[in-house]
Amino acid sequence: MSTITKTINKNKSPKRLSDSTQCYLLISLQIIGFLVFTIYPIIWAVSKSWFYYNGVDAETSFVGWENFAIAFSDAKYWSSWIVTFKFTFYKIIIEIPLALVLATLLSKGRKGSNAFRSIFYLPNIISVAIVGVMVSNLFDYFGVMNKILSALGLVKNPIDWFANSSTSLGVLVAGSTWSSFGINMLYFCAALNNVPKDMYEAADIDGAGKIRQFFNITIPMIAPVASTILLLAINGTLHVGEYILVTTGGGPAGTTNTVGSYLIDAFVPGFADTAVNIGYGCALALITTVIYSVIAVIYSKSTKKLQNIY
Amino acid sequence: MHSVKKTNFITGIFTYLVFICVTVVVVFPLLYVILSSFKSNMEIMAYPDRYFPKEFTFDNYIQAWNSDSFNVGRMFFNSLWFTCCMVFVTLLTSSISGYVFARGEFKLKKVFFAIFSALMFMSLGSITIYPKFEVLSMLGLNKSLWGLIVMQCFGIPVVNMYMVRSFVNTLPKELDEAARIDGCSFTGIFFRIILPLLKPTLATLAILSFQQSWNSYLMPTLFTMSRPDQQTLIVGIIALKNSGEGAAAWNLMFAATSIALVPVLVVYAIFSRYFTAGITAGAVKG
């Protein structure tokens, strides 16, 4: 067949470009983009990490490994990692069980489940920047959250949420969970759909209760997918930056800066000081990337058992 | 048998209780912001817990739409044309690359496919804005939203590409061969045969990329630093929040936020199944 089409092609239009040339042409922009906007920036950042570079070519000087040496004793940078881990830990520990419980309840197919699922996913479609604006208004000292809490008698005096690093982090976790639990819920819904229904019927006949079924059938059956969902959630949360930036701006005094927001705040034009050492920023970006990959590798090694649980 | 019914009833009540609680938490902030945008600034400050404004007023919208320093009208149109361009470009690049990787036969196909798939994980984060600006400034494109749109032309939306590719793979090859006998080229087959069949997939992609572009904050901020007249809604709202006036201008911010929210909410209300279809397709195949 293919030889026939080839000869037809040749006979009909001898000047036509060959299929593979057309393929290359169709994705040529992407190939160029890959070289220019992916590979080149990486090479640029790696090479600049050995320089003192503040954007002015005349003041640039080679400093060898000094940028990396400074990085290892940079308290601000490492404390931003601690904040990142705290933020991730609190968020995941709330978000994943919540998403799983909601998905399980939705999977029973009760009336209105579809409508509720759509409502729960709603926050996901809203810009994190707007979530930041809403959170900072709701939790303002004079804001509605304090009014509600005191009306319920939970607090005597209004709380100054953003003046203290732990309440600030709590608010950030709450807002971030609000904004993204829906997607994990959808993932869990998809996973639960793939659990064969007859397993539950068999368990029913054997007399296992709903809660027992959840822990002895649902959890093991979705464990492989769940470990991927968890990986995506952890990875996404570790990379959070913009959201922190628009909500607290890292405040008070930089104590809620995650790695992502710290790197933007300290080195990206428009946020950073004008004469910041970009070379140092490159060194930090490299270290950060290495740490991210190490975390991913550790995670996938430690959850390997979950992948072949059944 | 009776007790089974009873426990079913109780778990039913419990389920709906949970659903309603979560619904309240989800919907409350949104309703609060939208309702507050109809309050006067005095009422916002003094009575944050008066959820329904005493007097509905459109003053905030009128003031924000016409303000010189915080011109929501202009921002809205910036968001609009920027989003339209981004959606158009994304649809074109993801459908073409998806088609090429599904049907094309060329030497480096596997290599490029592997490289592009790995793209998702290859980034050094925000610092790479410097070299990107460096390249774009050679074309004079680093100082406006057009730069971002041009960069999107060169980008490869990996997840979208996977979606198109897996859809094209489900189409019978006989279609291509029939078109080929009729004298269609490889590119011609894409535009005449495949693209019209891609409509449902493209609808999903269009909605997802509409939402992404409309909502994006960091990149539009960087590309409009020296062009405040090109600020999109999201960029402008955060700029106002970070400026000193922000604390006193919640009324303007609420009005602008509501304007930024409404298009997304409307699109979601009409096309919610496309949103979720995209998610699950991406989850399984991407």
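**Figure 1. Chain A in the predicted model has 15 helices and 2 strands.** The model is predicted. Chain A is more spread out than a compact globule, because its radius of gyration is 26 Å, well over the 19 Å that the globule rule gives for 310 residues. Along the principal axes, its C-alpha atoms fill a box of roughly 70 × 70 × 35 Å.

**Figure 2. Burial, contacts and surface of chain A.** Of the 310 residues in chain A, 47% are buried. Take the contacts between residues at least 6 apart in sequence: 68% of them join residues at least 24 apart. The accessible surface of chain A is about 15,200 Å². Carbon and sulfur atoms account for 66% of that surface. Chain A carries 21 positive and 15 negative charges.

**Figure 3. A tilted aromatic pair joins A:Phe116 and A:Phe120.** Over all chains, the structure holds 49 aromatic pairs. In this one, the ring centres of A:Phe116 and A:Phe120 are 6.0 Å apart. Their planes meet at 35 degrees, so the pair is tilted: stacked pairs have planes under 30 degrees apart, edge-to-face pairs over 60. Both residues sit in helix H6 of chain A, which spans residues 113-121. They are 4 residues apart, about one turn of the helix. A:Phe116 counts as buried at 15% relative accessibility. The cut-off for buried is under 20%. A:Phe120 is also buried, with a relative accessible area of 0%.

**Figure 4. B:Tyr32 and B:Tyr51 form an edge-to-face pair.** The two rings lie 6.3 Å centre to centre, with 70 degrees between the planes. This pair links distant parts of the chain. B:Tyr32 belongs to helix H1 of chain B, residues 2-36. B:Tyr51 lies in the loop between helix H2 (41-46) and helix H3 (59-66) of chain B. The two tyrosines are 19 residues apart. B:Tyr32 is buried, at 4% relative accessible area. B:Tyr51 is partly exposed, at 31%.

**Figure 5. One aromatic cluster includes residues of chain A and chain B.** From chain A come A:Tyr24 and A:Phe34. From chain B come B:Phe101, B:Phe106, B:Phe112, B:Phe113, B:Phe116 and B:Tyr162.

Definitions and conventions. Residues are numbered from 1 along each chain as its sequence is written. Chains are lettered from A and ligands numbered from 1 in the order in which they are written. This is a predicted model: local features need pLDDT of at least 70, side-chain atom pairs count only at pLDDT 80 or more; totals for chains, interfaces and linings use all residues. Side-chain values use heavy atoms; hydrogens and water are left out. The radius of gyration is taken over C-alpha atoms; the globule rule is 2.2 Å times the number of residues to the power 0.38. Buried means under 20% relative accessible area, exposed over 50%, partly exposed in between (1.4 Å probe, protein chains only). Contact means heavy atoms within 4.5 Å. Accessible areas come from the Shrake-Rupley method with a 1.4 Å probe; for residues, only the protein chains shown count as cover. Lys and Arg count as positive and Asp and Glu as negative; His and the chain ends are not counted. The place of a charge is taken as NZ of Lys, CZ of Arg, CG of Asp or CD of Glu. Rings of Phe, Tyr and Trp (its six-membered ring) pair if their centres lie within 6.5 Å; planes under 30 degrees apart count as stacked, over 60 as edge-to-face and the rest as tilted.
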